[in-house]
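Subject: Structure for you to look at

Hello,

Here is the structure I said I would pass on. Please open it beside this message; my notes follow below.

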Number of protein chains: 2
Amino acid sequence: VKPEVAQLRAVDWSGRAVRILDQTLLPGEVRFLDLLSPEEVAEAIRGLRVRGAPAIGVAAALGVALAGERSSEAALTDSVMRAIESLGSTRPTAVNLSWALGRMRGVVESFVGKHGGARDRAPEMKQALLGEALLIMEEDRALCSKIGENGEPLLEDGHTVLTHCNAGALATAGMGTALAVVYAAVEKGKRIKVIADETRPLLQGARLTAWELVSRDIEVTVICDSAAAWLMKQRRVDCVLIGADRVARNGDLANKVGSYSLAIAAREHQIPFYSACPHSTIDLSLANGSGIQVEERGEEELRVLGSRVVVPDGAGVYNPAFDVVPHAYVSAIITDRGVVRPPYEGKLGG
Amino acid sequence: VKPEVAQLRAVDWSGRAVRILDQTLLPGEVRFLDLLSPEEVAEAIRGLRVRGAPAIGVAAALGVALAGERSSEAALTDSVMRAIESLGSTRPTAVNLSWALGRMRGVVESFVGKHGGARDRAPEMKQALLGEALLIMEEDRALCSKIGENGEPLLEDGHTVLTHCNAGALATAGMGTALAVVYAAVEKGKRIKVIADETRPLLQGARLTAWELVSRDIEVTVICDSAAAWLMKQRRVDCVLIGADRVARNGDLANKVGSYSLAIAAREHQIPFYSACPHSTIDLSLANGSGIQVEERGEEELRVLGSRVVVPDGAGVYNPAFDVVPHAYVSAIITDRGVVRPPYEGKLGG
């Protein structure tokens with residue numbers, strides 16, 4: 001199955017539906033879902049069937065186009081604006097979501113500005129919406145390749161890279177962000193090994209990162225998140241390489257919970273700590289990380305393991321999905337535009 | 001069920017069997033097992049049905065006594081020595097195991113030294129073995145109380161304590177080590193909250209620590225291990241308080257994997273990092289932590305979640321059960337003999 005698996009797309013447009021690979025079923029089952037309404041897209045984002053900051057941006061944009069496709073001509077603007085709003089509320093931390101929806105809103109606004117609500121222009125507007133969504137998707141593919149190309153010189157032949165969560169092909173429309181760097185290095189003939197934090201509570205590292213690396217024949221070892229510092233101590237890690245869900249102007253960045261802990265440990269062991277993301281992940285409206293809203297997810301993600309209750313009644317659960325890594329811990333931010341080193345201020349924008 | 005639950009003993013002597021609370025079934029089911037042979041005791045230790053450095057020392061000592069009880073008079077010395085050897089090989093990291101077995105061996109050797117292999121003395125030797133095992137168990141109870149008493153002044157009214165794995169009543173024959181400090185502080189009228197790392201891969205924090213705290217009406221919140229540093233950053237943790245499986249003369253200490261990561265994060269946030277253990281956990285034969293053997297456990301602990309395979313075939317797994325916290329990160333070691341502050345050299349022995 002390997003060659004096909006490597007071609008799988010986390011999110012795509014089928015011609016009539018938003019087609020996603022249902023990531024909640026991996027690695028046991030490879031099943032695609034055709035989402036036929038913006039509500040189904042919103043549910044899939046909220047339920048993490050499609051996840052990863054760039055991928056949810058793409059899925060949401062396609063969801064807006066879908067709202068257009070399915071709407072009557074009379075209700076078109078309303079339907080589309082409603083879809084933008086509802087998709088925007090699915091997850092708060094990744095900025096790519098509001099960035100992609102902002103572009104879709106721009107299409108609506110510019111269209112309405114030019115033509116008003118003229119019904120006979122509806123087919124044209126639908127086409128413009130789908131065109132913009134497909135463009136966002138294609139751009140994401142291209143950005144991923146560019147991130148890989150920009151980042152790969154940071155990895156040396158023989159390096160072992162520690163990663164957290166999944167910032168791979170499954171998190172984007174393309175070949176990934178952090179993992180794009182690994183793929184590009186491997187393509188250049190470098191021997192790279194990956195250590196994947198399993199990434200509690202939803203195990204994206206074990207289920208997704210390990211799966212996509214195995215499918216590309218890259219050596220990967222899964223560890224408990226809490227073992228990462230111990231491996232660094234044993235000099236078994238050459239760098240930490242993660243994605244990002246939102247980056248502030250000063251380089252503070254939000255990523256999957258546990259990233260901050262890794263960043264502290266990496267600095268303690270003088271191991272470089274890199275984050276890779278498309279420029280759309282940079283939120284220029286934020287001076288620093290204190291303005292980033294960190295999503296708290298449901299208790300059941302920790303309370304139940306398989307079908308077994310593992311946290312007893314009467315005990316509380318705190319389940320932040322992300323944390324914020326202060327820029328002082330970040331050795332470099334790799335984007336499609338290049339590799340930015342500290343100080344980040346003034347270098348991440350524009 | 002609360003009052004009874006608080007009285008439950010993780011390991012006890014039933015009069016004819018080693019009675020343990022099967023911790024693999026918690027928190028869903030409270031089931032006791034009567035272990036009727038040293039082989040059953042060894043299996044229970046290896047399978048983590050009874051776990052925690054002090055508790056496995058007690059269980060092993062009782063297992064040796066059981067070997068004596070069940071042996072013919074002719075084979076007594078052989079049976080007992082064989083049980084000591086086999087129980088000693090069950091788990092490598094906790095020193096309490098070899099410490100307790102060393103005491104049992106001492107009983108055999110002193111008896112054989114005095115009386116030779118005289119068969120008519122067999123009942124006496126059996127009694128001496130059981131007596132020593134029961135003494136180890138009772139001492140452990142007393143040591144736990146003493147640890148609590150010594151440590152409680154370190155906790156202030158209103159403090160939130162972060163702990164990892166289970167160093168509570170379930171890890172000892174008594175009220176615990178790290179949690180004994182919490183219990184003693186609560187008994188003194190201090191309001192203490194606990195944050196429990198769930199503790200992958202086996203979730204002793206979620207399943208065991210949360211369970212015993214709830215049963216004692218102490219407020220506890222379970223988090224993913226990787227979220228601990230993020231909580232420290234938010235100033236939601238006043239101190240870290242864990243147990244230990246082996247402590248070297250210089251204060252380096254082995255404990256559940258993830259302890260090292262917590263220690264780094266605690267120092268980064270200037271939060272005190274305490275370890276509590278009975279003096280039998282201190283291994284005076286070791287100058288420092290480099291000599292501590294860290295147990296690696298099976299891959300299936302990470303590969304399978306409930307009945308679901310979460311790490312794909314083709315991916316490796318590395319599963320160290322412990323790590324070693326260098327003494328430089330340890331603010332104090334709390335034992336039954338007192339609270340030791342750095343430098344530890346020369347203060348942990350004798």
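Strand β10 of chain A, residues 273-276, is covered on both faces. F273(A) and S275(A) lie on one side, Y274(A) and A276(A) on the other, and all four are buried. In a regular strand the side chains alternate between the two faces of the sheet. Please keep in mind that this is a predicted model.

β10(A) has strand partners. Strand β7 of chain A (residues 239-242) runs parallel to β10(A) and is joined to it by three bridges; here I242(A) has S275(A) as its bridge partner. Three bridges also join β10(A) to strand β15 of chain A (residues 332-335), again in parallel, and A276(A) stands opposite I334(A) there.

Last, the aromatic rings. Over all chains, a search of the whole structure finds four aromatic pairs. One of them is edge-to-face, because the rings of Y260(A) and Y329(A) have their planes at 85°, with centres 5.9 Å apart. Y260(A) is in helix α10 of chain A and Y329(A) in the loop between β14 and β15 of chain A, 69 residues apart. Y260(A) counts as buried at 1% relative accessibility, and Y329(A) is buried at 10%.

In a cluster, ring pairs link W230(A), Y260(B) and Y329(B). The charged end of R267(B) also sits over the ring of Y329(B), 4.2 Å from its centre.

Regards

Terms used:
Residues numbered from 1 in each chain as written. Chains lettered and ligands numbered in written order. Predicted model: local features only at pLDDT ≥ 70, side-chain atom pairs only at ≥ 80, totals over all residues. Heavy atoms only, no water. Buried < 20%, exposed > 50% of the residue type's maximum accessible area, 1.4 Å probe, protein only. Helix = DSSP H or I, 4+ residues; strand = E, 2+ residues; numbered from the N terminus. Pairing = 2+ DSSP bridges. Phe/Tyr/Trp six-rings, centres within 6.5 Å; stacked < 30°, edge-to-face > 60°. Lys NZ or Arg CZ within 6 Å of the ring centre and 35° of its normal.
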